[in-house]
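Dear colleague,

I am handing over the structure we spoke about, and it is placed just below this paragraph.

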Amino acid sequence: MAGMNAIPAPLATPEPTPVAAAGQARRITHPVQVGKVQLGGGAPVVVQSMTNTDTADVAGTVRQVAELWRAGSELVRVTVNNPESAAAVPRIVDKLAMMGIEVPIIGDFHYNGHQLLTNEPACAQALAKYRINPGNVGFGKKRDTQFAQLIELAIQYDKPVRIGANWGSLDQSLAAQLMDENARRATPWDATAVLREALIRSALDSAHRAVEIGLPAERIVLSAKVSGVQELIAVYRDLARRSPFALHLGLTEAGIGSKGIVASCAALAVLLQEGIGDTIRISLTPEPGASRTQEVIVAQELLQTTGLRAFTPMVTACPGCGRTTSEFFQELAKVVQEHVRGKMPEWKITRPGAEHMTLAVMGCVVNGPGESRHANIGISLPGTGEAPSAPVFVDGEKTVTLRGENIAQAFVALIDEYVDAHYSRSAA
Ligand code: SF4
């Protein structure tokens, strides 16, 4: 008798699910030139970050911008909140240029941007882009006038702008107007849907106003940031559907530590997979004493693990378990990751393509040799009770077995040899 636990008859083998090609359905927007970096228009997704120094502190800000740039930030935003900061901007840009760092610097303005840019023409000229928050441009009648002034300055200095609406500083008059309209609907939306619409409309209406004033659509980037993962996905899907503008993605106030990383990546991965997003920032709160560069590394790793871009060789490592004899394999995974990340600025110039190399560091023979064969170079360390030897696989073939105290140094040397042999020196 066929009971509830009966095993179903085998079915015909179904067609395999295809693996989606990264960026296959990339949304094509207006291209926007920010210094020498293109956003949108089919360009690769750009990584950006923001300093947390006092911009008026020229030396401190230059140091942090340089650090972010060396970590891989392709655009860096600084706050411009007072005359001292505005006066510092051209000096910061000059000092960076003297150091050979030509990363575009974006000015972040709230409330007084129209005054600062008018009073400091050298700042208006030195910045590569102005970020304007339509909820913080000004109040009442002044808002439209001050917004128009900012756009006219962007036209005058030939600069792009990001119109960046934010959940935390929503245009309250627009929100109230949409709440009133909603109350007259036969079936009113829920309040959060109205607020999401206010955020989107704030960005879109401001962009259309900027175009009316005379700023070309090719000089406008939009963002509409919220701090909830599902809300962010919903907002950007709408924004992408309703506008042709390049989009800056970011979960605002993502938080500290793993929570901030997970929340940002959960939201941005969904949007990037749908082809939405031309530039990203991971807005992490740094742990006390931690480097600001973590947000850049997370952004790069998000783009690389989803197959959208390659920045540095990726290390596959097993999590370890009771079969692993010691912490040695964890240390080796860390040494290898830090080695290739440290070498990448040099390899970028002398060994182009090295960023696509794959590495594996595995803890024992269970999955070690198999995973190592899938990598360009992989090592399988001895687990508990296994012979004290570590076979190395190069492009699927076992080439050498490492033993003794210097396995880490020997493996790192093999990585360098592989890079030298497989990635040609550029003409530069
Ligand atoms: S490869 Fe070995 S050590 Fe690593 S998780 Fe698997 S069984 Fe454990």
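Which residues of helix 5 are buried? Before the reply, please keep in mind that this is a predicted model. In helix 5 the buried residues are Gln146, Phe147, Ala148, Leu150, Ile151, Leu153 and Ala154, and what covers them includes helix 3 (113-119), strand 6 (129-132), strand 7 and helix 7 (191-213). An α-helix has 3.6 residues a turn, so residues three or four places apart point the same way. Helix 5 has 16 residues, and the distance from its first C-alpha to its last is 23 Å, close to the 22 Å expected at 1.5 Å a residue.

Helix 5 is followed by Asp158, whose phi is positive, with a value of about 60°, although Asp158 is not a glycine. This residue sits in the loop between helix 5 (141-156) and strand 7 (161-166), and with a relative accessible area of 55% Asp158 is exposed. Asp395 also has a positive phi, of about 45°, and is not a glycine either; its place is in the loop between strand 16 (390-394) and strand 17 (397-402), where Asp395 is partly exposed, at a relative accessible area of 39%. As background to both, most residues other than glycine have a negative phi.

For the chain as a whole, there are 13 helices and 17 strands, and the C-alpha atoms fill a box of roughly 80 × 75 × 40 Å along the principal axes. Of its 428 residues, 50% count as buried, and among contacts with a separation of 6 or more, 66% are between residues 24 or more positions apart.

The elements that give two or more residues to the lining are helix 1 (58-71), helix 10 (294-305) and helix 11, with helix 11 supplying the largest share, six residues. By type, the lining divides into twelve nonpolar, six polar and seven charged residues.

Lastly, a note on Val46, which lies in strand 3 (residues 46-50). Val46 counts as buried, since its relative accessibility is 3% and the cut-off for buried is under 20%. Leaving aside neighbours within four places in sequence, its contacts are Val37, Gln38, Leu39, Glu74, Leu75, Asp278, Thr279, Ile280 and Arg309. The C-alpha atoms of Val46 and Val65, which are 19 residues apart along the chain, are separated by 16 Å.

With best wishes

Definitions and conventions. Residues numbered from 1 in each chain as written. Predicted model: local features only at pLDDT ≥ 70, side-chain atom pairs only at ≥ 80, totals over all residues. Heavy atoms only, no water. Helix = DSSP H or I, 4+ residues; strand = E, 2+ residues; numbered from the N terminus. Nonpolar A, V, L, I, M, F, W, Y, C, P; charged D, E, K, R; others polar. Buried < 20%, exposed > 50% of the residue type's maximum accessible area, 1.4 Å probe, protein only. Contact = heavy atoms within 4.5 Å. Expected span 1.5 Å × (residues − 1).
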